[in-house]
Amino acid sequence: SNRLKIKIIDSAYLSIASLKDKAGALPVDCVQVDTSTGLVGSPFTALIVGFGSTGQEAFKFLYEYAAFVGRDHLKSPFRCYAIDEKMNKIAGLVRDKMPAIGENELTLIQTAVDSDEFWTKIKAVINDLNYVVVALNDDATGLSFAVNLFKFALRTRPTNSPKLKIMIRCYDSGNHKRMTEVMNSLNSSSVGFNIEIQLFGLQDDIYSCDTLLLERTLAKAKEFNKLYNNSGLSAAEQWEKDFGKAEIDNLMNDSNMSRYHAIYDINRRIAQNISNAQHCCTKMALMGLSCAESSDRLEAFYEITRHRDPETIRYTHAKDKLELLLNIARVEHERWIASHKLMGYTYNKPSDHVKKYHESISSWDTLSEKTKSYDCSVVDTTIKLMYNDLKIWCGDEA
């Protein structure tokens, strides 16, 4: 009926989506970054308490957005401990959906938050933790646990420990005020200790029109896609060309895909544009450029991106910025690998989107120059998008 519209709301997804370009909530804020090279000098260790729908969305966010490159030019170490008292009912499906993500990166533990086993594990990893997500489906239980963890970290972690963010989901708006008061009190007591607690997933944020429709995110993704393709079409027209009904038909005819798999592949490509748009702030942070950077600094990078030889990684005007740009391209490759592992892809030749094989799930150094150039194009587009946004924000069209 034209009079009836149904919108499916995934509050777990939306609660985590709100963190992806939020200043102060990104994994990049918790690691040692050399902004002259874009490389990180410390591993990333996370803890997720409650591995239901919100906890699993949190893992996807952290796994993709903490895919950094270390000083050895390999993926920086990532480790996540996920704890749930019903993990025996969760683990099998999680492992089946993400076969390329092993125990060394995601450790699934079945225990309750008040058990001896749980606090033994906490004591073993507390000094290494960078990021904790508390998603226990109950505000009172979640707040009590977060407070205890915060105080324990404050007592036991050395002052030179890596930055620790404790993110606690608020499920009931009626508890927002009380939880905020507790959070502010704890944060004021931890100045100089590199520990911070934040709330996320507030109902007022999740169900607001802007968040619900994801209008800004989708608009940014469409603009990213237009710039990536260097298109003379409008962002909406290019989006329809790349992901509309005609492209679905092309995939079915040219690649002999079923309609189901053609639509799946279109959605995969759409998700990559959304991820690339939301990942801009992480790339900017690795480059030492904030999302509100001065136009002069961004313009220097913007000019470099306009003079890269197509289908190569040769930036003819990069000079002393070449290493940085190529390292950010390496980061993009690791982000892309992470996103595909989360979708269930594994390495194999030839690539097959039906069987979820992809030959590019391998180290940067094994890729052809043309394949590497795709990662460079994502970096270039990120810089162009941020530069254009800044110029528009300043009232001066780029």
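Tutor: Two strands are taken to pair if DSSP finds at least two bridges between them. Helices (H or I, at least four residues) and strands (E, at least two) are DSSP runs, numbered from the N terminus. The model is predicted, and for that reason local features need pLDDT of at least 70 and side-chain atom pairs pLDDT 80 or more, whereas totals for chains, interfaces and linings use all residues. Residues are numbered from 1 along each chain as its sequence is written, and side-chain values use heavy atoms, without hydrogens or water.

The sheet is open and consists of six strands in the order E5-E4-E3-E6-E7-E8, with parallel pairing. Strand E5 (106-110) and E8 each have a single partner strand and stand at the edges, so one side of each lacks a neighbour in the sheet. From one strand to the next, the twist averages 15 degrees; angles run from 0 to 180 degrees between N-to-C directions, the axes being lines fitted to C-alpha atoms, for helices over the stretch in contact.

Within the sheet, E3 and strand E4 (residues 78-84) run parallel and are joined by six bridges. Val-49 has Ile-83 of E4 as its bridge partner. Helix H2 (residues 53-65) lies across E3, E4, E5, E6, E7 and E8, at about 170 degrees to E3. Helix H5 also packs on the sheet: it touches E3, E6, E7 and E8, and its direction makes about 170 degrees with that of E7. Contact here means heavy atoms within 4.5 Å.

H5 comprises residues 139-156, and its 18 residues reach 25 Å from first C-alpha to last, close to the expected 26 Å. That expected span is 1.5 Å times one less than the number of residues. Among the buried residues of H5 are Leu-143, Phe-145, Val-147, Leu-149 and Phe-150; buried means under 20% relative accessible area, exposed over 50%, and partly exposed in between (1.4 Å probe, protein chains only). The buried residues of H5 also pack against helices, including H4 (116-125) and H6 (176-188).

A salt bridge, defined as a side-chain nitrogen of Lys or Arg within 4 Å of a carboxyl oxygen of Asp or Glu, joins Lys-165 to Glu-196, with their closest N and O atoms 3.0 Å apart. This pair links distant parts of the chain, Lys-165 in strand E7 and Glu-196 in strand E8, 31 residues apart. Lys-165 counts as buried because its relative accessible area is 1%, whereas Glu-196, at 25%, is partly exposed.
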